[in-house]
Amino acid sequence: MTEIETPRVKELTPAELEAIQLERPDFEVKLESLSQWQLAWRRFKKHRLAIVGAVLFFGMCAVAAFGPFLLPYNFYTIPTPDKFVYAGRPPSLAHPFGETGGLQRDVLTLVVNGARLSLLIGVGASIVGATIGAIVGGVAGYFGGWIDNLLMRIVDIMLSLPLLFVILVVSKFLGGGSWYLIMFIFAIFSWPGISRLVRSLFLSLRGEDYVDAARAAGVGDVRIIFRHILPNAMSPIIVAATLSVASVIISEAFVSFLGFGVDVTTPTWGNVLSNSLNFITVGNWWWPLFPGLAIVVTVLGINFMGDGLRDALDPRARE
Amino acid sequence: MIKYAVRRTLQAIPVLLGISMIIYAILLIAPGGPEARFAQNPRITADQIAAFRHRWGLDQPIPIQYCKWLGVCGDKPFLVNALPGGTIELAGVRIELPGGDNGVLHGDFGFSVVNGEPVAAIIGDRLPATLILAGTAWVIWVIIAFISGVYAAVKRYSLFDSALTVFNYVGFSFPTFWLGIMLITVFAGSLHVLPAGGMWNARTVPPFGTSEYWAFFGSQPLNALADLGTHMILPVFTLVVVSIAYDSRFVRSSMLEALNQDYIRTARAKGVPERGVVFRHALRNALLPVITNLGLEIPFLFTGAFVTETIFSWPGMGFQFIQSTASFDYPVLMGLLSVTAVVTVFANLAADLTYAIVDPRVKYD
Amino acid sequence: MTGTAHLVAEAPLARDDLLLDVRGLRTHFKVMDGTVKAVDGVDLSIAQGQTLGLVGESGCGKSVTALSIMRLIDIPPGKIVDGEIWFDGRDLLQLSDSEIHDVRGNDIAMIFQEPMTSLNPVFTVGEQIAEAVRLHQHVGGAEARNRAIESLRAVGVPAPERRVRQYPHELSGGMRQRVMIAMALSCHPKLLIADEPTTALDVTIQAQILELIKEIQARTGTALLLITHDLGVVAETVQHVAVMYAGRIVEQGTAEQVLLQPKHPYTQGLLSSIPGRQRRGRELSVIKGVVPNPFRMPPGCKFEPRCPFAWERCRASEPSLAATDRDGRTVRCFLHTDEGASRRGAYEAAAVAAVRGVVAQ
């Protein structure tokens, strides 16, 4: 470089320089600090679809919880059928969702009562499945080695079995009928997918510096898994579990519809649809329409909410 | 690449064996079994049931049954049975082969315990129906999904893009079977314009798959096609609507990803017009994941349509599957599942090999 | 169009000797949380065959400026809301799509930061270079291929006949950047924009690529707009420098002027954060704070919250980019207006210290 032009001022000592800089001690930039969950809630609130989804889903949950008490008809009181209208009656003021064929029951009552078990099985199976998946995936990803190998081979096999077939056979095998059994079966078949996800998360988080730091400080394995790694793996698990509620609700309805699910006398959306099948050729569209719409609305709500959660919890994962 | 294909095929063998073992075990451990359907019949005695169980070998230990089903146990020593048996003629010389000729390894899938028909014949009957339905639907939805996905990605944030996103959300949330029921209720139950199910009109057309059917097809091709077509409209529509959602979203996001790459900016910076950027630079890259995805959908053509087939009583593989599950017809189930498993393995392989051809970065050896 | 005529009549006419003259460029991005004014009033110019370095921290709008010149901003979310970009007698912002396609790659070519991802993985490098030639020079496939080989040879790629048949993943990072340069030069552009061309490369390769760009610039006489955050690269490569901060040019002048006599406290801060031998053993100076949040820009000077020399005046309103002294350089700072006269001494002392720290090694 060329010679510097002679400056007109004397050179400053470092102390003097510092004095100049200290003239404005207040110019540190303030940074707003929000926790991960506060940030996520902020983003979730801004996600219009997610809010719509949450309203749909929790609205349906409210219907399931309180609806049966508010309806004029009791589910267990079976009306005397009127032989002249064997196919049932279309929606009217007294029966806004119409009446079924055969026993001429109020479709609204069936749909509202069906919501309970359908939602319970969907949510319950997903929570149990996500918990098992998180534990298995966490153990496999954290410890690695032969444990990882063994667990992942089991997962491979579980994932390559045709799911619906096994559910059909197992629900037949175990007698079928009770809702918690069906819930348990769906839980058993929803964990392998989540455990793969959790394993890959743990594999990458295990190498993070803060985990090494914890280990160097003598923190035990269990505490590292639950205090240091799991909170950072939580977001994808929550999203996967939410979306799995939707798929369980649809599969449960289909299994019940085929007659392999919850006992046919108990109300679930799948059972109501299943019963309607004998009458569909007479054109009473209101019978299958409303339980199906209930499924669509619930599942749509969950999918909206799941995508909103994904964007809110893990903004980097967007498309 | 051939070496890679052979290695992959060899690796698939233990997986296929493992899956078949587990399914076999699940099927046979389940209580009830094929004889369950006699339980309600007071005229069938316990002795008759025992005879039935003996006739089908159900009284033997499950590993032996599996071994026989597979075709490695028989009247000859263990491994000799696994080899091909019988006689072949090579250049006029008759050669006696020492192995067995029963079991899956010898192409023998056994017989249905419900009606005694050979499993291979049942599958042979059902497969064409499934391929016609699922294949037609597949071609339609792949074309629609591809065009709409690419268009939505190119016109991102446009009205079309938003409309497709909403449609996909709804499509994801539609239970297939419910859509089918509603279509039947409306078009068959109320409007009476389309048949409620089945594959042919039993009053005017001989059963599908019989020689009479093909004779009818030969003599009156237009009538036959019209009959098949009217029966296909509703199930094909159902399959297409629920499947477009997933595929178009997949195509859209892989196209968007390709369009966001640095090399797209490079192409624009060197003056490539928008058309060239989209169809030459982005599409070629976006196709890579799409090809893999299409490969993974091929097994669907064989069994995946079973929800739709059940709703519309379409006499295909899926319909048979539900029926056989209900009656514990395990040889038929094993046959159906084996075909699916083999198709799945080879579809994955085909997808990988295609990938290697299209993507210069991937080399298998 | 009468509106355009009116504008042209009022604005000073484009100077004939200027190849590129950017005036009042504003490029904004609409995102979920509001509008990001990534480039907010940039003026810069390059004469025929001249070289200009555009310097600043990441996020200051350098790359957006370059992409705006090429009209490569994604619309939406981005939009060039105001300004003129005069190039070779035409306002690029008024050109039709097909006209701008003829400019890109032909009159103005660009090299990007990431050689690893800037080449299309499914085409051979030969195809990619030949594509530019075919598009702009209207020659056949065989001729385009020969030109591609020539271009590769010109940028020092060994065995170019073999290289044209290779795919990008078969080349090293430095080799890929040479391919990018060959592609950019294949149509003999009047202006070459290089956006951080060496940032992603190994240090030894960096020097080679810079040397190559300099050598090609001298040989072909193409004008060069070099975008970088590295003052060392600027000092070695270009004649003129523009310093950018928060979407604005804050200081402009010859490389010697700006680097040896920085007028803006931000430039001074950049210089004093370079490690030098004289500073060994002392804590490395940094510019305090971070680039301002794009949604909460300070009302006055955008550098005010981080500036050790700022006073009330700086908070009240934003200074304009004004000429200082007689030497034709411009700076956007109140220190160099009459209002800042009393504080100028302290600043200049700090500036001299900063320059001493780097240069007197």
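# Briefing: the A–B interface and the sheets of chain C

Asp212(A) and Arg215(A) form a salt bridge, with 3.5 Å between the closest N and O atoms; the term stands for a side-chain nitrogen of Lys or Arg within 4 Å of a carboxyl oxygen of Asp or Glu. The two sit three residues apart in helix H8 (residues 209–216) of chain A, so about one helical turn separates them. Helices (H or I, at least four residues) and strands (E, at least two) are DSSP runs numbered from the N terminus. Over all chains, a search of the whole structure turns up 25 salt bridges.

This is a predicted model, so to speak of local features takes pLDDT of at least 70 and side-chain atom pairs count only at pLDDT 80 or more, while totals for chains, interfaces and linings use all residues. Residues are numbered from 1 along each chain as its sequence is written, chains are lettered from A and ligands numbered from 1 in the order in which they are written, and side-chain values use heavy atoms, leaving out hydrogens and water.

**Where B meets A**

- On chain B, 38 residues are in contact with 38 residues of chain A (contact being heavy atoms within 4.5 Å).
- Between them, chains B and A bury about 3300 Å², 82% of it on carbon and sulfur atoms; buried area is the accessible area (1.4 Å probe) that two parts lose on being put together, summed over both.
- Tyr169(B), Phe177(B) and Trp178(B) supply 20% of what chain B buries against chain A, more than any other three residues.
- The rule finds one salt bridge across this interface: Asp307(A) with Arg249(B), at 3.8 Å from N to O.
- Helices of chain B that each supply at least two residues to the side touching chain A include H1 (2–29), H6 (159–173), H9 (221–259) and H14 (330–358).
- H7(B) gives the most to that side, with eight residues.
- By residue type, the side of chain B that touches chain A has 29 nonpolar, six polar and three charged residues (Ala, Val, Leu, Ile, Met, Phe, Trp, Tyr, Cys and Pro count as nonpolar, Asp, Glu, Lys and Arg as charged, and the others, Gly among them, as polar).

**The eight-stranded sheet of chain C**

- Eight strands make an open sheet with mixed pairing, ordered E6-E7-E8-E3-E9-E10-E12-E11 (chain C); two strands pair if DSSP finds at least two bridges between them.
- E6 (108–111) and E11 (322–324) of chain C are at the edges with a single partner strand each, so one side of each has no neighbour in the sheet.
- From one strand to the next, the twist averages 25°.
- E10 (residues 248–254) and E12 (residues 329–331) of chain C pair in the antiparallel sense over two bridges, and Gln252(C) has Thr330(C) in E12(C) as its bridge partner.
- Helix H2 (residues 62–69) of chain C packs on this sheet, its direction making about 150° with that of E8(C) (axes are lines fitted to C-alpha atoms, for helices over the stretch in contact, and angles run from 0 to 180 degrees between N-to-C directions).

**The four-stranded sheet of chain C**

- An open, antiparallel sheet runs in the order E2-E1-E4-E5 (chain C).
- Its edge strands, E2 (34–47) and E5 (90–91) of chain C, each pair on one side only.
- E4 (residues 78–87) and E5 of chain C pair over two bridges, with Asp91(C) in E5(C) as the bridge partner of Trp86(C).
- H2(C) lies across E1 (18–31), E2 and E4 of chain C, at about 115° to E1(C).
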